[in-house]
Amino acid sequence: MGGRTTALAAAGLVLGLLVAGVTSASAADPLVSRGKAVTASSIEGAGFEAGKAVDGSTSTRWASVEGHDPEWLRVDLGSEHAISRVKLDWEAAYARSYRVQTSADGSAWTDVYSTTAGDGGVDDLTLSGSGRYVRVYGTARGTAYGYSLWEFEVYGVDGGTTPPTTTSTPPAPGLGYPFGSRQTPYAAGILRPSGSTSTLDARIVDYYQRWKAAFVKQNCGNGWYQIISPDAEFPYVAEAQGYGMVITATMAGADPDAKKIFDGLLKYKLAHPSVNNPDLLASEQDTACRSVNGSDSATDGDMDTAYGLLLADRQWGSAGTYNYKQIAVRNINAIKKSLINPNTNLLLMGDWSGPDNSRQYYGSRSSDWMADHFRAFRKATGDSAWDTIRTKHQDLIASLQSKYAASTGLLPDFVQDTNSSAKPAVGEMLEEAATDGKYWYNACRDPWRIGADAAVTGDARSLAAARKLNTWIKGKTGGDPNKIAVGYQLGGTQINSGSDSAFVAPFAVAATTDSGSQAWLDALWNKMLATPIDTNTYFGASIQLQVMITVSGNHWIP
């Protein structure tokens, strides 16, 4: 493709405004991006890292994953600069629609250029803007491939502004999505707790370090890491390992050991296959890390291990010791084969569930219904069946809320009769006859799982379900998180008194979806900060950590 030059007057297509007190630079300003720290939303693979776009060589390039929008490339200039020019040297995989954006903190972005008519080649843009960070944000590809730049050049002058000091760990080089980078904007109107992003992130890093010290173990050798579960029937359960893989992949950039821990957790997963499908994880291990109690799978564990692997692929690429993407796809395909009821397209509770036990075969657990995970599986495999599966679960959520929890939105731990008219479980479905049909220690995660999809995607059905939950609990407690009970009947009657992070924290994610709930969200956030980690229960602490990540804007769908 032939090169071309585009110059834009400030009064024309330039969308950004100069920050007060920053002087516009001239066209002769120096190149300020060469060799600077750079991150990207993704890379196609080894050899196409983000740094290749600022190395001064037109024979090396950054390339994103193929077939996905949006994607972006961001350079950190190290301090506030007045920006006068951005030069983009596109490879054949160019952007049809893209924006050039600036930011003071790497979180809030201002457009300084936008086009929907990109045609590749060289875009040499004269513009006006300011910021420490500059990024190219591609929203529509010009080809079927990805986005690729031979060089990304930023010209300007140092504005003399000292960037704010934060307690967050600087992003590690080469990461696809370092913690705190917030590369995926949440849906319009989604709240986050009051305070600067650096302050929120510092709180999360502190809580993560305490969670890590309490629950991340190497108790069985072999280079394995395990998440210990002192409050479960066995010391190591699949659900905990799934939480660990998601958390450590997300926290890369804040923890220099994140990849080492993730790989140790993955090695542990691969060494403990389910007897029914070797690409699933056996659900329980004893103190010697031997699989026990049937050595079959638990759905929630595999949902998260597959999701964690996709996060790892985006974070570190798949050219190292483990091909994360390949293992993830095998895990996802195994979920489809062994954990989806082919008659209802709904999740089973484990790969042990078959048509010989009709009650359990047509039962399902509400906390497994993770719409954002289904979206990630669809993207990773290209299999449209995941769209159908997601829709079926969203249909079921809407039906249950309408028929059985019209005033609360609460879902039961388990449902039955999914092949006819699904309803809350009557009697024991899997755990306890007294609570399997109530909002108890499985369903307590639902506001988080539903709210996460709503916040990131803006999906209307997820938003409606999350807002229903939020409206009820905020009214039920009068805006006081200390009044959130341990368990409820679906009509809203409290089951137990006391307080548990597993019940309190998830409602914070639902609160982010309601523009009138800032004070309520802040109260929930402060309640979480004031709650010490109980080293005897991985469950509440692991849920709260993931909730903190999500409500702060740090959750993303790979």
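## Helices and backbone

Analyst: Just after α4, G317 has a positive phi of about 75°. Keep in mind that this is a predicted model.

User: What is the length of α4 in residues, and how far does it reach?

Analyst: Helix α4 covers residues 299-316, which is 18 residues. From first C-alpha to last it reaches 26 Å, close to the 26 Å expected at 1.5 Å a residue.

User: How many of the α4 residues are buried?

Analyst: 18 of its 18 residues are buried, so α4 is mostly covered.

User: OK, α9 next. How many residues of that one are buried?

Analyst: Eleven of the twelve residues in α9 are buried. Among them are W448, R449, I450 and D453.

User: And what span does α9 have?

Analyst: α9 reaches 17 Å from its first C-alpha to its last, close to the 16 Å expected at 1.5 Å a residue.

User: What follows α9?

Analyst: G458 follows α9, and its phi is positive, near 70°.

User: How do the axes of α7 and α9 cross?

Analyst: The axes of α7 (residues 371-381) and α9 (residues 446-457) come within 7 Å and cross at roughly 55°. Angles from 65 to 115 degrees count as roughly perpendicular and those under 35 as roughly parallel, and α7 and α9 are therefore oblique to each other.

User: Which residues meet there?

Analyst: On the α7 side they are A371, D372, H373 and R375, and on the α9 side R449, A452, D453 and T457. The residues of this contact divide into two nonpolar, two polar and four charged.

User: Left-handed or right-handed crossing?

Analyst: α1 passes α14 in a left-handed crossing.

User: Which residues make up that contact?

Analyst: α1 brings R203, I204, Y207, Y208, W211 and F215. They meet Y538, A541, S542, Q544, L545, M548 and I549 in α14. By class, this contact has ten nonpolar, two polar and one charged residues.

User: Now R467. Where is it?

Analyst: R467 is in helix α10, residues 460-477.

User: How far is R467 from I450?

Analyst: R467 and I450 are 9.8 Å apart in space, C-alpha to C-alpha, and 17 residues apart in sequence. I450 is one of the buried residues in α9.

User: On to the loops. Which peptide bond is cis?

Analyst: The bond from D69 to P70 is cis, with omega near -10°. P70 lies in the loop between β3 (62-63) and β4 (71-90).

User: Is R182 buried or exposed?

Analyst: R182 is buried, with a relative accessible area of 5%.

User: And C289, where does that one sit?

Analyst: C289 is in the loop between β12 (284-285) and α4. C289 is not a glycine, yet has a positive phi of about 65°. At 4% relative accessibility, C289 counts as buried, since the cut-off is under 20%.

Key:
Residues are numbered from 1 along each chain as its sequence is written. This is a predicted model: local features need pLDDT of at least 70, side-chain atom pairs count only at pLDDT 80 or more; totals for chains, interfaces and linings use all residues. Side-chain values use heavy atoms; hydrogens and water are left out. Axes are lines fitted to C-alpha atoms, for helices over the stretch in contact, and angles run from 0 to 180 degrees between N-to-C directions. Helices (H or I, at least four residues) and strands (E, at least two) are DSSP runs, numbered from the N terminus. Angles under 35 degrees count as roughly parallel, over 145 as roughly antiparallel, 65 to 115 as roughly perpendicular and the rest as oblique. Contact means heavy atoms within 4.5 Å. Ala, Val, Leu, Ile, Met, Phe, Trp, Tyr, Cys and Pro count as nonpolar, Asp, Glu, Lys and Arg as charged, and the others, Gly among them, as polar. A crossing is left-handed if the near helix is turned anticlockwise from the far one by less than a right angle, and right-handed if clockwise. The expected span of a helix is 1.5 Å times one less than its number of residues. Buried means under 20% relative accessible area, exposed over 50%, partly exposed in between (1.4 Å probe, protein chains only).
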